[in-house]
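Keep the viewer open as you read.

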Amino acid sequence: MEEKLDVLDMNHDELAETLTEQGYPAFRVKQIEQWLYSGKLDFSAMSNLPKEMRDKLSATFTAGGLKIADKLISKLDGTRKYLFELKDGNIIESVLMKYHYGYSVCLSTQVGCRMGCAFCASSPLGLVRNLTVGEMMAQILSIMQDVGERISHVVLMGIGEPFDNYDNVMCFLRRLNDENTLNISFRKMTVSTCGIVPRILDFAREGIPVNLSISLHAPNDEVRQKTMPVARKWSMDELLRACKEYTRLTSRRVTYEYSLIKDVNDSSEYAAMLAQKLKGTLCHVNLIPVNTVEGTRFTKSPRARIEAFKQVLEKAHIACTVRRELGSDIMAACGQLRRNTLMKTGKV
Ligand code: SAH
């Protein structure tokens, strides 16, 4: 059987062309898009379309095709963690978080990851494949369908390395911004990377004001190389130079993620070293108590150590916050739920 086309894999023009080719009048395209991008992915429920059209659409197309394989809701803060099954049976994770400014989703960009960061739950499982634009879109729309809310912010900090799936991710960001889809402002989108320097430079030149977040996790190459293989490919100097270039071209500040791991990267000396490196750049440091992943030797820094680290940065006038640990009761650190599920089902 021929595989059904997915409407979420198409941009506005492609969808219009496909539907027109199949004999649908042009005004139906807008109606179908209005349903899809308000999170109603079921063709049979598109009540302003004639019944036979709904049946034909269901027979010809899919809309994302994600199944919720599991859903965990935090009792502490309402954060929702979704485990989605893709059409080919692979699984990925997404998270919905509620902030005072609205709902934010954290999306996956790949099935697995090949960057190999030692503290991360996705590393031992490796990369399976890139996600398509439609699969990234399907995560946010499936979440909208589930909660019946609009989403205002999107962060690409789920499973995978966004810059290892660069072209699809750039296409996805532009699609999110399209007025025919979700019309989300570029300024409300964030891409997080472990530090693929040539792609950071490409990103800086895309001409879209999307926020950049760098997973730094260390004050120098020596410490960074202990946990992040990517640090052996590009030095911190090269990385920070690329970030400066991003700021020069976009006038936007860079967020540096720093997961504090007990006795690995959390001393006050390291905080001072980090402050020295970032001095004079437009930046913000996000301190994150590391989530311990089963089978790794990394544990959270004690609270006092985190506070001391923060104070050193603040004294040096580096803006920093300690990230609120949303969903800490539901394995909200990305990759943990997928890993646990694959282990339970004997797939790893
Ligand atoms: N590959 C991208 C985005 C996905 S990971 C990147 O590296 O930025 C999202 C963030 O979670 C990254 O900052 C990553 O380093 C961090 N992270 C991964 N495992 C973690 C853990 N166990 N505890 C805390 N942060 C973790």
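Keep in mind that the model is predicted.

Asn 291 places a polar backbone atom 2.8 Å from a ligand nitrogen. Gly 160 also uses a polar backbone atom, and here the distance to a nitrogen atom of the ligand is 3.0 Å.

Now zoom out to the whole chain. Domain 1 spans residues 5-62, and domain 2 covers 67-344. Their C-alpha centres are 33 Å apart. Where the two domains meet, 16 residues of domain 1 are in contact with 17 residues of domain 2.

How much area do domain 1 and domain 2 bury between them? The figure is about 1,200 Å², with 52% of it on carbon and sulfur atoms. On the domain 1 side, three residues stand out: Leu 8, Tyr 37 and Leu 41. Together they supply 45% of the area that domain 1 buries against domain 2, more than any other three residues.

The interface has polar features too. Eight residue pairs are in polar contact between domain 1 and domain 2, counting pairs with both residues at pLDDT 80 or more. Helix α2, residues 26-36, gives three residues to the side of domain 1 that touches domain 2, the largest share. Sorted by class, that side of domain 1 holds six charged, five polar and five nonpolar residues.

Charge pairing comes next. Side chains of opposite charge can pair when their charged atoms come close. One salt bridge is counted between domain 1 and domain 2. Look also at Lys 87 and Asp 6, which form a salt bridge with their closest N and O atoms 2.9 Å apart.

The overall count is 17 salt bridges. Another one to inspect joins Glu 33 to Lys 30, with 3.7 Å between the closest N and O atoms. Why do these two line up along the helix? Glu 33 and Lys 30 sit three residues apart in helix α2, so about one helical turn separates them.

Definitions and conventions. Residues are numbered from 1 along each chain as its sequence is written. This is a predicted model: local features need pLDDT of at least 70, side-chain atom pairs count only at pLDDT 80 or more; totals for chains, interfaces and linings use all residues. Side-chain values use heavy atoms; hydrogens and water are left out. Domain bounds come from an automatic or database domain assignment. Contact means heavy atoms within 4.5 Å. Buried area is the accessible area (1.4 Å probe) that two parts lose on being put together, summed over both. A salt bridge is a side-chain nitrogen of Lys or Arg within 4 Å of a carboxyl oxygen of Asp or Glu. A polar contact is a pair of N or O atoms within 3.5 Å; within protein, one must be able to donate a hydrogen and the other to accept it, and residues adjacent in sequence count only if both atoms are side-chain atoms. Helices (H or I, at least four residues) and strands (E, at least two) are DSSP runs, numbered from the N terminus. Ala, Val, Leu, Ile, Met, Phe, Trp, Tyr, Cys and Pro count as nonpolar, Asp, Glu, Lys and Arg as charged, and the others, Gly among them, as polar.
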